[in-house]
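Please keep the structure open while reading.

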Number of protein chains: 2
Amino acid sequence: MKRLWHWPLDPGCRTVRLALEEKKIAFDAKVTWPGATISELANLPPGSDLPVLLDASGEQKIIASGTHAILEYIEETDAAPRLMPLLAKDRAEVRRLWQWSETSFAEVNRSLLAERENQWVRRSKQSDTTRLREGIHALKSKLGFLEGLAGVRTYMAGRTLSLADLSIAAHLSAYDYFGDVPWDLTPDLKQWYARMKSRPSFRPLLADKVEGTRPPRHYADLDF
Amino acid sequence: MKRLWHWPLDPGCRTVRLALEEKKIAFDAKVTWPGATISELANLPPGSDLPVLLDASGEQKIIASGTHAILEYIEETDAAPRLMPLLAKDRAEVRRLWQWSETSFAEVNRSLLAERENQWVRRSKQSDTTRLREGIHALKSKLGFLEGLAGVRTYMAGRTLSLADLSIAAHLSAYDYFGDVPWDLTPDLKQWYARMKSRPSFRPLLADKVEGTRPPRHYADLDF
């Protein structure tokens, strides 16, 4: 049995949930605040943070923490369906875009997403409008790049679904939860996202409800 | 034959150089500014940036861009010596710390390292002292975490050298090039770094000289 500790609005945690669902790996999900101690995992190595996966199915308990460790781990150990192509050249393209997604969106997470969580989840009275504006600006520049890719490719890294799609869709879905993605500016990306959203693996994400928040109606709508 | 486009002061590029040297993979190094167009690689996919590796040794030319894509690629295709352990559990620990290194040090790269490059390489007249101070503060907090690890482990992820060591050492070496690592505050980490620095793979990094800069004497000194 596998167990995942995650925070529903964290894009990295969302990527892992999507991958587990795509691979139809059964897991038990535990909602946890980022930075909180996981009392069940006393021997968690120092500096571990969400997402954390415990795999107690083998002889030895295996703990993986961080998107990179977890996603490569499930790809290595639970082969089908693959979320990474077979050819080295294609794998390199998937990993390039996956890293692009994590690195580029980190800026949006720190500004826009963090500010939205402050506003709605932590009920902070003061809203840092500069940070919000910076975040929206950063998000728009990333969307421009993705629109170009979506215009020429079926999936982000080529012809088949991969971890690059899951990572990008997971990030966008977290921003979309707060209604922050200006979909109409990027029609090709919107089409790609509509396809991603229609996948069964996406359903748990679309059903997320975090206390204090209410996602816009279009968030869970497949025809948005 | 392999060819690497890299910027000598970029920690990600340094990580890749160390890995290629550790694996004794012959490559031809091309110094390039980050963000510059690589005219030789006209068909570089959109959004590619340094480091970029071209592998023209097989039937098909393979291009990998970004640390994640390149390092996993050479680990998959050039097996010995391994920079990743065999057991899934140990690989997860390597990838966790490798991701920790890239994510945590990104903050130091954006502040401290970027400011030093502005001062010395781009000869900017105005120094942003706030950004410098923030960078040094961020670096110190990361060093504290690493000192804890170095105190209990031979290598960062356990008993054998791995990509986690290379990534962490590459980042520290870039900051050390500008004399910014307060080694005396972290004796165990300093010892680990002395061992890393003594490896033959480190020699090319210690010989780096970027126009406009002069690394402190201790930078290339094995007994620093």
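Which side chain does a polar contact of 2.4 Å join to that of B:Ser57? The partner is B:Asp55; a polar contact is a pair of N or O atoms within 3.5 Å, where within protein one must be able to donate a hydrogen and the other to accept it, and residues adjacent in sequence count only if both atoms are side-chain atoms.

This is a predicted model, in which local features need pLDDT of at least 70 and side-chain atom pairs count only at pLDDT 80 or more, while totals for chains, interfaces and linings use all residues. Residues are numbered from 1 along each chain as its sequence is written, chains are lettered from A and ligands numbered from 1 in the order in which they are written, and side-chain values use heavy atoms, without hydrogens and water.

**Loop residue B:Ser57**
- B:Ser57 sits in the loop between strand 3 (52-55) and strand 4 (62-65) of chain B; strands are DSSP runs of E with at least two residues, helices are runs of H or I with at least four, and both are numbered from the N terminus.
- With a relative accessible area of 49%, B:Ser57 is partly exposed (buried is under 20%, exposed over 50%, partly exposed in between; 1.4 Å probe, protein chains only).
- Apart from neighbours within four places in sequence, B:Ser57 is in contact (heavy atoms within 4.5 Å) with B:Met1 and B:Lys2.
- B:Met1 is 56 residues from B:Ser57 in sequence, yet their C-alpha atoms are 5.1 Å apart.

**Helix 4 of chain A**
- The 24 residues of helix 4 (residues 129-152) of chain A should span 34 Å at 1.5 Å a residue, and the end C-alpha atoms are 36 Å apart, which agrees; the expected span is 1.5 Å times one less than the number of residues.
- A:Asp128 caps the N-terminal end of this helix, with a side-chain oxygen 3.3 Å from the backbone nitrogen of A:Thr130.
- Buried residues of helix 4 of chain A include A:Leu132, A:Lys142, A:Phe145 and A:Glu147.
- Among the elements covering the buried residues are helix 3 (88-121), helix 5 (163-177) and helix 6 (187-197) of chain A.

**Helix packing**
- In chain A, the axes of helix 3 and helix 4 come within 9 Å and cross at roughly 150° (axes are lines fitted to C-alpha atoms, for helices over the stretch in contact, with angles from 0 to 180 degrees between N-to-C directions).
- Helix 3 of chain A is therefore roughly antiparallel to helix 4 of chain A (over 145 degrees; roughly parallel is under 35).
- In chain B, the axes of helix 3 (residues 88-121) and helix 5 (residues 163-177) come within 8 Å and cross at roughly 10°, so these helices are roughly parallel to each other.
- The residues making this contact include B:Trp98 and B:Phe105 of helix 3 of chain B, and B:His171 and B:Tyr175 of helix 5 of chain B.

Methods:
Parallel < 35°, antiparallel > 145°, perpendicular 65-115°, else oblique.
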